[in-house]
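Visitor: I would like to learn how to read a few surface and helix features in a structure. Please take them one at a time.

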Amino acid sequence: NNNHILVINDEKLLTSSTSSISPLSSSTSSLLSPTSESSEPLELSSIELATSKPITAKELFKDKKVILSCSAYGLCAFIFIIFDEILPIFMKTLPPNGLGISQVNIGIFLGVGSLALIFSGMIFAPYCTNTFGLITSYRFSCILSAPLFITVVFSSILPLQSLIAKVVMWISLAICLILKFCISSVMFLSVMLMINNSVYSKDLGSANGIGQSFAALARSIGPILGGIIWSISLQLNIVFHQSLVFLVAALLSLLGSILITNIPKSIEFSKDDLLVNSKLNQNEINN
């Protein structure tokens, strides 16, 4: 009999099987082998797990990991909505303030980038998160985004009258867009997984609701702020003035790399798995 007794807030409950404690990964479920058939109670006092109702969004606002991961998601959405909204305007605007690219060619550029997003979402982003971890993947995505945003604007200072300059501009812009889509997919995937790992499985709905609300707020403010900064930059009589909005996006990316350092390392793993592993390991030590 593999039944375990859970002690939650001083109340003893008999579970039907160890698998009902929480959904575990294959690596974690290997710990639940018949060799550890202990009838010792797993003390889960002060932790709502098996019998408690899902925590409300109001209560989750007090959780540091939830707020930081949702804030990182909102910042990520804010950065890329600014870039995605201003980039076509910058590409359409005539030199020296922009690139003077036709609407058809703008569509081609964005289409090529979208193809890269398919590859990145299926292969590249999962590889990065599995290999380097969620925090590292998010941090380096933020760091790499900063120079990428600035590089896009450098295309506008090339003397586009020559054929060679136009070819260089097209190639560099295409590479920047492909890298942008790859980096953004890694950033979004890692931060979404951090939101999921910040709560127990029963609270995933509330946590993801907070994250989506943060992102929606960012996506509503981003285009407005980006448009205002772009309009102001066109009125400035300074060198490289058209880069102002992209510079703001780059600085926000660096801010994201700093923000993520405050999240505890435990965000790398499912909260359910961490809880059960901790209690099972403690049980084995006691035995």
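Visitor: Which residues form a nonpolar patch on the surface?

Guide: A patch of this kind joins nonpolar side chains within 5 Å of one another. In this predicted model, the patch consists of Leu115, Ile118, Phe119, Met122, Ile123 and Phe124, and their accessible area together is about 650 Å². One of these residues, Ile123, belongs to helix H4, which runs over residues 103-132.

Visitor: What span does helix H8 reach, and what is expected at 1.5 Å a residue?

Guide: H8 covers residues 244-259, 16 residues in total. From first C-alpha to last it reaches 23 Å, close to the expected 22 Å.

Visitor: Which residues of H8 are buried?

Guide: An α-helix has 3.6 residues a turn, so residues three or four places apart point the same way. In H8 the buried set is Val245, Phe246, Ala249, Ala250, Leu252, Ser253, Gly256 and Ser257. Viewed down the axis of H8, these buried residues fall within an arc of 160 degrees, so they line one face of the helix. Their packing partners are helices H3 (64-92), H5 (134-154) and H7 (204-235).

Visitor: What does the face of H8 turned away from its buried side carry?

Guide: That face carries the exposed residues Leu251 and Ile258.

Visitor: Is glutamine 212 buried, exposed or partly exposed?

Guide: Buried means under 20% relative accessible area and exposed means over 50%. Glutamine 212, which sits in helix H7, counts as partly exposed because its relative accessibility is 41%.

Visitor: How far apart are glutamine 212 and glycine 74 in sequence and in space?

Guide: Glutamine 212 and glycine 74 are separated by 138 residues in sequence, but by 7.9 Å in space, C-alpha to C-alpha.

Definitions and conventions. Residues numbered from 1 in each chain as written. Predicted model: local features only at pLDDT ≥ 70, side-chain atom pairs only at ≥ 80, totals over all residues. Heavy atoms only, no water. Patch = residues over 30% accessible without salt bridge, like charges linked within 9 Å, V, L, I, M, F, W, Y side chains within 5 Å. Areas by Shrake-Rupley, 256 points an atom, 1.4 Å probe, with all protein chains shown as cover. Salt bridge = Lys/Arg side-chain N within 4 Å of Asp/Glu carboxyl O. Helix = DSSP H or I, 4+ residues; strand = E, 2+ residues; numbered from the N terminus. Expected span 1.5 Å × (residues − 1). Buried < 20%, exposed > 50% of the residue type's maximum accessible area, 1.4 Å probe, protein only. Arc of directions from axis to C-beta. Contact = heavy atoms within 4.5 Å.
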